[in-house]
Amino acid sequence: MIEHLIDWSIHNKFIVIVISIIIIALGIANLQDISIDILPEFSPPQVIVQTEDKGLTATEVEALVSLPL
């Protein structure tokens with residue numbers, strides 16, 4: 001099967017070259033439409049911590065529990 005394709009390609013060089021040029025042109029045309037960020041946005045990882053402790057006020061919970069975490 002692959003031998004048949006190779007033989008056909010050797011005998012029809014012009015068609016193979018034209019098809020190759022069309023594929024390259026389509027690739028270049030589509031390359032201009034791709035939206036790729038060269039430098040992605042940098043944002044450090046953030047974690048939301050919710051803590052509760054009975055008998056403590058919000059400021060005490062923040063100072064004694066949340067900040068040490």
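**Close-ups of a predicted model**

**View 1. Pro44, a loop residue.** At 47% relative accessibility, Pro44 counts as partly exposed, a label for values between buried (under 20% relative accessible area) and exposed (over 50%), with a 1.4 Å probe and protein chains only. Pro44 sits in the loop between α2 and α3 (58-66); helices here are DSSP runs of H or I with at least four residues, numbered from the N terminus. Twelve residues along the chain from Pro44 is Leu56, and their C-alpha atoms are 31 Å apart.

This is a predicted model, so local features need pLDDT of at least 70 and side-chain atom pairs 80 or more, while totals for chains, interfaces and linings use all residues. Residues are numbered from 1 along each chain as its sequence is written, and side-chain values use heavy atoms, leaving out hydrogens and water.

**View 2. Where α1 meets α2.** The two axes come within 5 Å and cross at roughly 95°. That makes α1 and α2 roughly perpendicular to each other (65 to 115 degrees). Trp8, Ser9, Ile10 and His11 of α1 make the contact with Lys13, Ile15 and Val16 of α2 (heavy atoms within 4.5 Å).

**View 3. Ile6 on α1.** Ile6 belongs to helix α1. With 44% relative accessibility, Ile6 is another residue that counts as partly exposed.

Definitions and conventions: Helix = DSSP H or I, 4+ residues; strand = E, 2+ residues; numbered from the N terminus. Axes fitted to C-alpha atoms, helices over the stretch in contact; angles between N-to-C directions. Parallel < 35°, antiparallel > 145°, perpendicular 65-115°, else oblique.
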